[in-house]
Amino acid sequence: MQDQRQRLGWQDLRKAMTEVPALPISAIYFFCLLCGYYLLRPVRDAFGASPEVEAVFPQWLIAWSQNHGVAISDLTLQILFTGTFISMLVLQPVYGALVSRYPRRVFLPIIYGVFILCLIGFYAIFDQEVAGRGAVFFIWVAVFNLFAVSVFWSFMSDIYTEEAARLFYSYIGVGGTLGAIAGPMLTKVLAKHLQVPQLILVSIFFLSICLVCILLLRRWAKRAEEIRHLNNDNVAIGGSFWAGFRIVINSPLLRAMAVLMFFGVGVGTLLYNEQAIIAKQIVSDEARTAFYANIDFWINFVTLFIQLLIAPFVLFRFGVKPLLLLPAAAITLGYCALAAAPLPMLVAIVQIMTRAGEFSLSKPARETIYTKVDRETRYKAKAFIDTAVYRGGDLTFVWFHKFLAAFGSSTVFFVGVFVSLAMAFGAWKVGKHQVNPDKVDP
């Protein structure tokens, strides 16, 4: 094993791409998924930062806020994040019931089919310029991203063993990062010639390719289960749709993962809100969309660099602990710098560093852990952490930021130092319960 780790390099990737046909299909799947998402993300973020409430909220909500003396323009992100969290809570048991009652070969295509149908509905809504479309679109894109990515990695855990995951997950992540780079670039180019409804059609095209990849990858998932002496492709997972919550509560490792997720989201949300304050100073919707697209581009460029040159070698040789602890340490230092000098350019730099560290280091490390757990944990407990815990962190810290912002940006970032330390504690706890990289606490 030590010799294999020392020889890990580009020749291994070329060999793997030819000998493991599932690897390029997995990378294409992730490319199309994130490209389709990142086509829509700048549009979503522009709505979140828009000072024109008429472009975001329905008239009845604007009228209600005016009648009750509520400045709805000062609460745009708080309302949108609250709506996202409520939607996530409503959909979590629906997803749990779907996973419990139907086998993987049925519920995976259903999930992506529903995503595509929703986008077709949004095409009509934007084409007709329905009032309140901004809020609904913001919430849906946020929900779609978490469920789609969570299901993607759960499916990868069906296909790859733990050792294969340590070798290949960063390279699969490269496919996603290329998609995340291509998405904002396409948005910048196409936004000059196309309206939002046409951008939605492009996103539908990429999600349709994802559906094809799911069908192609089923044979490798089935083969992996035969190697594990399982035959689950035609068997429903069963159990309660609330089982994900129960599994997380009963597992020390998964509780630590939830803590890591909650406070990891916290540092990102505080930065996102400070970034939105900067974006509100930009006059036009097109310029705000370009502002967010530029940040997304640099996040994914840095992510790609780390995924290609650092992450696979560290993950394969040293396991998950360094990949969890290094981003936490870097984010803590970044928040310390922002507390001392809360400059707009430094906010953007720390945002890039935070999200790039999450995508290139923390995410592959966390997903590797799920290769050693049973299907119910993989599809239910993981989904609970990736959706309910994630959006719970969003909701908590978007309102917490509203309170802290009254005291200025320096106060926000000073408190953020302690939030990042709590994230580092969660990373350390996950590492503690993952001392042996070949064993996972079920």
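**View 1. Glu367, a buried residue of helix α15.** In this predicted model, Glu367 has a relative accessibility of 1%, and because buried means under 20%, Glu367 counts as buried. Look for Glu367 in helix α15, which covers residues 344–369.

**View 2. The surroundings of Glu367.** Setting aside neighbours within four places in sequence, you will find Glu367 in contact with Trp153, Ser157, Tyr169, Lys382 and Asp386.

**View 3. Helix α5 crossing helix α11.** Here helix α5 (residues 76–101) meets helix α11 (residues 252–279), with axes that come within 11 Å and cross at roughly 140°. That angle makes α5 oblique to α11. The crossing of α5 with α11 is right-handed.

**View 4. Side by side at the α5 and α11 contact.** From α5, the contact takes in Leu77, Gln78 and Phe81, and from α11 it takes in Thr269, Tyr272, Asn273 and Ala276. Sorted by class, the residues in this contact of α5 with α11 are four nonpolar and three polar, with no charged ones.

**View 5. Stepping back to the chain.** Of its 442 residues, 57% are buried. Among contacts in the chain with a separation of 6 or more, 85% join residues 24 or more positions apart. The accessible surface of the chain is about 18,100 Å², and carbon and sulfur atoms account for 68% of that surface.

Note on methods
Residues numbered from 1 in each chain as written. Predicted model: local features only at pLDDT ≥ 70, side-chain atom pairs only at ≥ 80, totals over all residues. Heavy atoms only, no water. Axes fitted to C-alpha atoms, helices over the stretch in contact; angles between N-to-C directions. Helix = DSSP H or I, 4+ residues; strand = E, 2+ residues; numbered from the N terminus. Parallel < 35°, antiparallel > 145°, perpendicular 65-115°, else oblique. Left-handed = near helix turned anticlockwise from the far one by under 90°. Contact = heavy atoms within 4.5 Å. Nonpolar A, V, L, I, M, F, W, Y, C, P; charged D, E, K, R; others polar. Buried < 20%, exposed > 50% of the residue type's maximum accessible area, 1.4 Å probe, protein only. Areas by Shrake-Rupley, 256 points an atom, 1.4 Å probe, with all protein chains shown as cover.
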